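Here's a quick tour of one protein model, written for someone who likes to know how each number was made.

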Amino acid sequence: MSYQETIDFLFSSVACFQQQGGVAYKPGLERVLAMAEVIGNPHLALRSIHVGGTNGKGSTASTLAAILVASGYKTGLFTSPHLVDFRERIRINGIPVSKDFVVDFVNKARPLLEKYSPSFFEITTLMAFSFFAEQKVDVAIIEVGMGGRLDSTNIIHPELSIITNVSKDHTQFLGTTLPEIAFEKAGIIKKRTPVVIGEAEGEVQTIFENNAKEKSAPIYFAEKAQVLLFCKDKPDGLLLKSRDYGSFHAQLGGAAQHLNARTILTALSVIKEREILSIPEAAVHEGFATVIEKSGLLGRWQQLSSTPQIFCDTGHNEAGVALVVQQIARQKYNHLHIVFGMVTDKDWQKVLSLLPKEAFYYFVAPPSERGLPNDTLTDYAQRIGLKGCSYPTIAEGFLAAKGNAQPSDLIYIGGSNYVVAEVLQNFFSQILQTNL
């Protein structure tokens, strides 16, 4: 099979949450452990850092990977979902897994597909572990797919675990309350393995503390660490002043990155304190400043144009969109245009209630079985006072926004990975060419 035929086969032969939603979710570690043993348990050969949480885990994992690359380590990075190309999920030193490896792995794994009927994410996780082990990476940064306790990635034995935060998302699988979701996230805490918590308070904090105590795992709360002394938005990212690494520039901008930077700096302090890895100060500066180039990260409050200002962001749940709205409020512009679409299994009504009333909206539907029809989105939005129109395709919605926007205006594209991905692929291919 060709690479594209292989990807088509994967999407059609195994259940994929990104495309199909809940019917593709297969919690539990039994299948992935059994399949891992058949292929030689590649995860046991890896030094790793495990990154979970509701929001910010992709940015946190990618920035840590960029810092480790700058430190001279051969660094694997496994993230999900992908925006445009499947290979975005599996990278070494920012370079995507080769098409040949994907084809060869899937061909060899066909007996596993027939015997175990794994999910798309389970087989993808094993592919990443196999690639990193074959390429003998020095360290692998592994992002949790969903939850933690029953996530396929939770078969690794990391040297550090990170949980960025807890908010309501995937409630049909992880629980409807923050404590229930925190219990699932806490499942990545391992015996006698340090864990960094980005944000937690009240009962959520207690759950993390109790879980860590039961496992004799040293626990560090970023909110108490006092590692980030100053953080300021700049047109090209953030200006940070840290306790341990002085002042430096961060390429990723936006309100969410204020919180992620604190979590990352706390993780770095634990890595240094416990002598897990050797990371020079210059590598910290370089990693924060070049995370997109070194990790291939896309879609995190990413500026695509300056006249008019065009930003995209993959925030797609209540907490993620709330941070995007905070960031929009910090921008200077004349009129605000928002190209927006969501999937049905998010609390889209709550998300819409957070969006700015002064904007004009271009409502679109993600091209997925999970996509919320744009007429449904538009009707509800108009009932709660959001002004806008429905467009049959994402491309038409974006072109309408671009056509209406003046040079001093701002266009924000978001609500779903699908919306961001399609705009990037169709209108900003030059950005993708440097990442794939």
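## Ground rules

Helices and strands here are DSSP runs numbered from the N terminus, where a helix is H or I with at least four residues and a strand is E with at least two. This is a predicted model, so to speak of a local feature takes pLDDT of at least 70 and side-chain atom pairs count only at pLDDT 80 or more, while totals for chains, interfaces and linings use all residues. Residues are numbered from 1 along each chain as its sequence is written, and side-chain values use heavy atoms, with hydrogens and water left out.

## Two domains

The protein splits into domain 1 (3–295) and domain 2 (302–434), with bounds that come from an automatic or database domain assignment. Their centres, taken over C-alpha atoms, sit 26 Å apart.

How many residues of domain 1 are in contact with domain 2? There are 22 on the domain 1 side, and they meet 23 residues of domain 2; contact means heavy atoms within 4.5 Å. About 1,700 Å² is buried between the two domains, 53% of it on carbon and sulfur atoms. Buried area is the accessible area (1.4 Å probe) that two parts lose on being put together, summed over both.

## The largest pocket

First, the grid terms. On a 1 Å grid over the protein atoms alone, a cavity is a set of points where a 1.4 Å probe fits but cannot get out; a pocket is an open set with protein on both sides within 12 Å along at least five of seven lines, and lining residues have an atom within 4 Å of a point. Grid points are joined across faces, edges and corners, and a volume is the space filled by probe spheres set on the points.

The largest pocket comes out at about 590 Å³. Its lining has 24 residues, and Pro-235, Asp-236, Gly-237, Gln-303 and Phe-311 lie nearest its centre. At least two lining residues come from each of strand E9 (228–234), helix H13 (291–295), strand E12 (302–306), strand E13 (309–312) and helix H14 (318–330). Both domain 1 and domain 2 give residues to this lining, so the largest pocket lies between them. By class, the lining holds six nonpolar, 11 polar and seven charged residues. Ala, Val, Leu, Ile, Met, Phe, Trp, Tyr, Cys and Pro count as nonpolar, Asp, Glu, Lys and Arg as charged, and the others, Gly among them, as polar.

## The hairpin at that pocket

E12 and E13 form a hairpin with two residues between them. They pair in the antiparallel sense over four bridges, and two strands pair if DSSP finds at least two bridges between them. Gln-303 has Phe-311 in E13 as its bridge partner. Pro-308 lies in the loop between E12 and E13, and the peptide bond from Thr-307 to Pro-308 is cis, with omega near 0°.

## The second largest pocket

The second largest pocket has a volume of about 350 Å³. It is lined by 18 residues, with Asn-165, Val-166, Ser-167, Glu-199 and Ala-319 closest to its centre. Which helix gives the largest share of this lining? That is H14, with five residues; helix H8 (178–185) and helix H9 (202–214) each supply at least two.

Domain 1 and domain 2 each provide at least three of the lining residues.

## A cavity

The structure has three cavities of 30 Å³ or more. The second largest cavity has a volume of about 50 Å³, and its lining includes Thr-63, Leu-238, Phe-288 and Val-291. Helix H11 (residues 255–273) gives the most to that lining, three residues. The class count is seven nonpolar, three polar and no charged residues.

An open sheet of eight strands runs E4-E3-E2-E5-E1-E6-E7-E8, with mixed pairing. Strand E4 (95–96) and strand E8 (219–221) stand at the edges with a single partner strand each, so one side of each has no neighbour in the sheet. Strand E1 (residues 48–52) and strand E5 (residues 139–143) run parallel, joined by four bridges, and Val-51 has Glu-143 in E5 as its bridge partner.

Most peptide bonds are trans, and most residues other than glycine have a negative phi. Ser-80 and Pro-81 are joined by a cis peptide bond, omega about -10°, with Pro-81 in the loop between strand E2 (75–78) and strand E3 (90–92). Lys-136 has a positive phi near 55°, and is found in the loop between helix H6 (120–134) and E5.
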